[in-house]
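Hi,

Here is the two-chain model I promised to pass on. Have a look, and my notes follow below.

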Amino acid sequence: MNKLSRPFMHSILSYKYYFASAALFVLGVGLFSAARTSFVPSCSNPHVIEKLKLILSAQTTGQVYSVNKVTSVFDVNQIESPTSSSRTCAAGVTIEGSELGTINYIITIPAPGSVEKLSLNTSLN
Amino acid sequence: MDILPMANSVQENRKTKYFKAAILLSGPAIFLLGGSFFIYSKIASNSLASSEWTRYSKERNNALDSARSKELAEQIKSQKEADKLRESVDRTQSYFSDIPIVVRSSDGATLINFGKLINGEPAQYSYKVALGQSIYDVQGEIVARGNSLYYSDSYGKSSSEVLSEGEIRHEKDPQTGNLRLTFITSKNLGNLSKLGDVRNFDFKYK
């Protein structure tokens, strides 16, 4: 280290705790921001995937019902930036061994008072 | 009270020290708060997904069970109805198919093709009736409409036109081989019988 840079390094080092604190501050704010959207479960949350399978595997309309067996859900992706109340995802679905295609699903936290704690709207892509 | 210049300087140094400490601590504090909030939101979202999945799974299973029960009930109901209908058809078929093409009654009446009524074909009958000095030759036809049998014949003045119509009650006794037909007049254009007249014929079919 030459003589010129010594005072500069000294001054940087004397502020190292301030830099560390500032870095932690920025990280903390980032975590706050991330937490805001984390209340909506992730696309690959096992419970969400199970509900998705159940929704796709049975339809009850009036007295008619049908049961298909969803054998696998794969390539789960988030396709849009989440908001504080919803998250849009897409996943490939296989029903009874044959590929059904890609399903888009939106995980939404309904308004308070709703029977559903979490709604899952699906559409075939 | 006046503050000594030295004491003032000490106070300023303390203020600066607190300010620096606050700045140094704010970073870790915000990081800790943000981290805790992030972890809490992750746990909360997982718990939300778990409870929703449980609720939905229960409701779905109930709905499926209900739909299955309804369908099963419908199946049983329709099966029972089908069984009942088949039993009725079997009974009717056995009832009619037992009767030979031509049977005669104890008083000389003839009944033809009674067993074909089940196929929608008419049956014929004939008998002679003595009224006063005259003997009338009555010709008639029996048809089935639904579960009822109806007749029309020439019981009356003339032998060429339909003068008497009505319903037939029938009773079969497999033990004695006897078929009783009871003709109940509901329409009479002649003057030999009246509305509500009842004529019985006993045919031996065995």
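Chain A has three helices and six strands, and along the sequence they come in the pattern α-α-α-β-β-β-β-β-β. Helices here are DSSP runs of H or I with at least four residues, strands are E runs of at least two, and both are numbered from the N terminus.

Before the details, some housekeeping. This is a predicted model, in which local features need pLDDT of at least 70 and side-chain atom pairs count only at pLDDT 80 or more, while totals for chains, interfaces and linings use all residues. Residues are numbered from 1 along each chain as its sequence is written, and chains are lettered from A and ligands numbered from 1 in the order in which they are written.

Back to chain A. Of its 125 residues, 20% are buried (20 or more other C-beta atoms within 10 Å of the residue's own; exposed is 12 or fewer, partly exposed is in between, and C-beta atoms are placed from the backbone). Counting contacts between residues at least 6 apart in sequence, 38% join residues at least 24 apart; a contact means C-beta atoms, placed from the backbone, within 7 Å.

H3(A) is worth a look. Its twelve residues reach 16 Å from first C-alpha to last, close to the 16 Å expected at 1.5 Å a residue (the expected span is 1.5 Å times one less than the number of residues). The buried residues on H3(A) are His47(A), Val48(A), Ile49(A), Lys51(A) and Leu52(A).

Val48(A) also turns up in the largest nonpolar core, which has 18 residues; Val48(A), Ile107(A), Leu118(A) and Leu120(A) touch the most other members. A core is a set of buried Ala, Val, Leu, Ile, Met, Phe, Trp, Tyr and Cys residues joined through C-beta atoms within 7 Å. H3, S4 (86–95) and S5 (98–108) of chain A each give two or more residues to this core, as does H1 (5–97) of chain B. H1(B) gives the most, with four residues. Leaving aside residues up to four places away in sequence, Leu120(A) touches Val48(A), Lys51(A), Leu52(A), Ile55(A), Tyr105(A) and Ile107(A).

As for the contact between the chains, chain A puts in 33 residues and chain B 32. On the chain A side, H2 (16–38), H3 (46–57) and S1 (58–61) each supply at least two residues, and H2(A) gives the most, with 17. By class, that side has 21 nonpolar, eight polar and four charged residues (Ala, Val, Leu, Ile, Met, Phe, Trp, Tyr, Cys and Pro count as nonpolar, Asp, Glu, Lys and Arg as charged, and the others, Gly among them, as polar).

Now the barrel. In chain B, eight strands close up in the order S1-S2-S3-S4-S5-S6-S7-S8, with antiparallel pairing; strands pair if DSSP finds at least two bridges between them. S8(B) (198–204) is joined to S7(B) (178–188) by seven bridges, with Arg180(B) opposite Asp202(B). Two bridges join S1(B) (102–105) to S8(B), and Ser105(B) has Phe203(B) as its bridge partner there. S2(B) (110–112) and S3(B) (123–131) pair over three bridges, where Thr110(B) stands opposite Ser126(B).

On S8(B), Arg199(B), Phe201(B) and Phe203(B) form the covered face, while Val198(B), Asn200(B), Asp202(B) and Lys204(B) make up the uncovered one.

Cheers

Methods
Two residues are in contact if their C-beta atoms, placed from the backbone, lie within 7 Å.
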